Amino acid sequence: MNGPKTIPVRVAHVEPVTDDVRRFTLVPADGQHLPAYSAGSHVIVTMRGESRVWRNAYSLTTPSGVRDAYQIMVRRVSASRGGSAFMHSSVSEGTRLDISVPSNFFPLARRGGKHVMIAGGIGVTPFLSMLPELARVRARVEMHLCCRPEDADAFTDLIASRTAGGVAVYVEVAGAKERFGAMLADQPAGTHLYTCGPAGLMEGVAETARALGWPESHFHQESFGGASHGEPFVAVLAKSGREVAVTGDQSLLEALEAAGVDAPYMCRGGACGTCALEVLEGTPEHRDFFQSAAERATNCNVLPCVSRARGGRIVLNI
Amino acid sequence: MTIVFNEENFRAPYTFRNSDQAILRFPFPFPEDRYMYSVNIEPHVKGGASAAFGATFDIDEHYVSECRDRALTLERDPLRSQVLDHMDAAQWDTLEMIMESLAADYPEHFKLTRDGDHWTWINQPLGLEQQFVFGDVATLPCPPFEYITRQAQGDYVLLDHRDDNLFMDGGTVTTQADWSLDFDLGMSFMEWHGPVPLAHQAGIFERALKFLLRLQLGAPVRRLNWTMTVNPRLDTSPETYPEWGPDRASITPENVGRKLHLRVELQTLFRLPRSNAILFCVRCYLIAFDELVRVPKWGRRMHRVLGSLPPELVEYKGITRYRQTAVQWLSQFDDGLPTSAGTHSEADRLEEQVT
């Protein structure tokens, strides 16, 4: 089985950035180099608590050439399921963690003529690896940061050390269209727009940009991959009656494999169709690119390597 | 594991042959008795259906001779190795990946030591030792991508990922099955696949592109492609067509076994770390028909696949002229018995050499 590879790391340093944001410096636990990565990358950190394991994605904030240490910043979210709280309460210098190999679903458009970045709060993190690279090639950059007034100084310092172009900071609440509409409408053709932050900000910027006719190819939102992750659900295997619980951070295929089911697969990426399973009951949430739109609409089959189920339950003909 | 390297020619006078071990580890591409294009991509993990999948970049007994053949081709035609200016980071990514992999998979033949950016690379089979500064092109005898691909088997292509698309923005291509880097340089994924028949209508390339755009670091993939070549010639490029094209008319019932070769491409795709580009490797394996049929299952299946190949594929793969002769010759190795699914040889020793 092709499982995800992890890198064992040790926390070398923990420092406060703001009241609820901490920066963690991670070094390899076994003396090897960490892989180089491209600006905008993130890692999935596996955190083992007493009663459960969390896996959260965090952007890498150091310039991408550095291979002896990575840095991430974690905001303690009070309403979270606990991963960020765990990072703040139980992770300190010397703690060992496992991280994934870096993944990038938010790369720089290097050949872009101009780059406009809109960050909200902790969403500033992916831009911290992007700005130095853009500065090195003297690209045209506009950095916009929306944050709480008490966080403005700390975040602006992080940005200022990475770019010569300055940053526009907004600390009052305002709608995206009202705040950014005119600025976006004024941009030259060929400008790339990047956004990362709370859902409300990202949706507002997306709506505003699209209404202005911004081309999709030049509009980038951070989505921490997890192409096959989502709400947990139960898969019932009709032939045996067995029930397989699929957690939020594993694919349906991975859950079947973990339950000892010998499910066929090939590409594990939604493209080849080898893993397709017949659906007897329930509604798939299709994320593949193998089936046609018409085939997906029948909901007769599901590709478990990437797709999931709506409504908490699905019955498969296996 | 130490490899003994052959001394052989991939151009007239041809002296290429596979040892018994090379035949048994050949990446046979047909899992069924009929062949059609598909998105036959799988994770590039060590092991699997063929021993040729045992290393990240496979090195075999033909390594030294293939590198020599590449050097000859590049001397005649430098345009076979080109990289566009914006792909600098991808060049160094490639050098790092190939050096690290070869040193890890074949420690008895390759060694890499690093002191910060000061690297020392030793390639024993080719008798090379190079000290250089990673990132500083002035410390290498030629640009990094060309430097390292001259020391690896197979063709290497750099794909820039931008605008939700992939662009062929660099490569070293000297073992290709009739396509031209110089012609394709700068083209997008759909553009360079333009000539392939049937696959576009079947939606193969659309799915493959979406899949590849999501390719992640540390999770490479592979697939097999195939065609046929008369004589064990690596340089079957459009540029040198006058040299090898006429060979297609030279197949007779007497020489099929020795002259006609199955040419399999092990295509591997790797996300590159700093550039976020994709490295596309096309590793070419040749096997003469009289070597191939020493594995009974492969002899039977080759007869059936070739006999049932759609006309568009026969035409596109350039095998029209000799296909009937080849099918006729192969029929003596097909007793009609069922063949098992999958590509595995099902043999641990070979049948006697056919005269």
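In chain A, strand 14 and strand 15 run antiparallel and are joined by 2 bridges; two strands pair if DSSP finds at least two bridges between them. Helices and strands here are DSSP runs numbered from the N terminus (helices: H or I, at least four residues; strands: E, at least two). This is a predicted model, in which local features need pLDDT of at least 70 and side-chain atom pairs count only at pLDDT 80 or more, while totals for chains, interfaces and linings use all residues. As for labels, residues are numbered from 1 along each chain as its sequence is written, with chains lettered from A and ligands numbered from 1 in the order in which they are written.

Within strand 15 of chain A, Asn301(A) is the bridge partner of Glu278(A). Both strands belong to an open sheet of 5 strands in chain A, with the order 13-12-16-14-15 and mixed pairing. Its edges are strand 13 (242–246) and strand 15 (301–302) of chain A, each of which pairs on one side only. In general, strands of a sheet pair through backbone hydrogen bonds, either parallel or antiparallel.

Turning to the interface, the contact takes 26 residues from chain A and 24 residues from chain B, contact being scored when the C-beta atoms of two residues, placed from the backbone, lie within 7 Å. On the chain B side, strand 1 (42–43), strand 6 and helix 7 (204–213) each supply at least two residues. Helix 7 of chain B gives the largest share of that side, 4 residues. By type, the side of chain B that touches chain A splits into 9 nonpolar, 7 polar and 8 charged residues. Here Ala, Val, Leu, Ile, Met, Phe, Trp, Tyr, Cys and Pro count as nonpolar, Asp, Glu, Lys and Arg as charged, and the others, Gly among them, as polar.

Arg268(A) is not a glycine, yet its phi is positive, near 60 degrees. Arg268(A) sits in the loop between helix 6 (252–258) and strand 14 (277–285) of chain A, and counts as buried because it has 25 C-beta neighbours inside 10 Å. The cut-offs are 20 or more other C-beta atoms within 10 Å for buried, 12 or fewer for exposed, and anything in between for partly exposed, with C-beta atoms placed from the backbone.

Asp164(B), also a non-glycine, has a positive phi of about 55 degrees. Asp164(B) lies in the loop between strand 6 (155–162) and strand 7 (165–172) of chain B and is exposed, with 10 other C-beta atoms within 10 Å. Finally, the peptide bond from Ala12(B) to Pro13(B) is cis, with omega near -5 degrees; Pro13(B) falls in the segment before helix 1 (20–24) of chain B.
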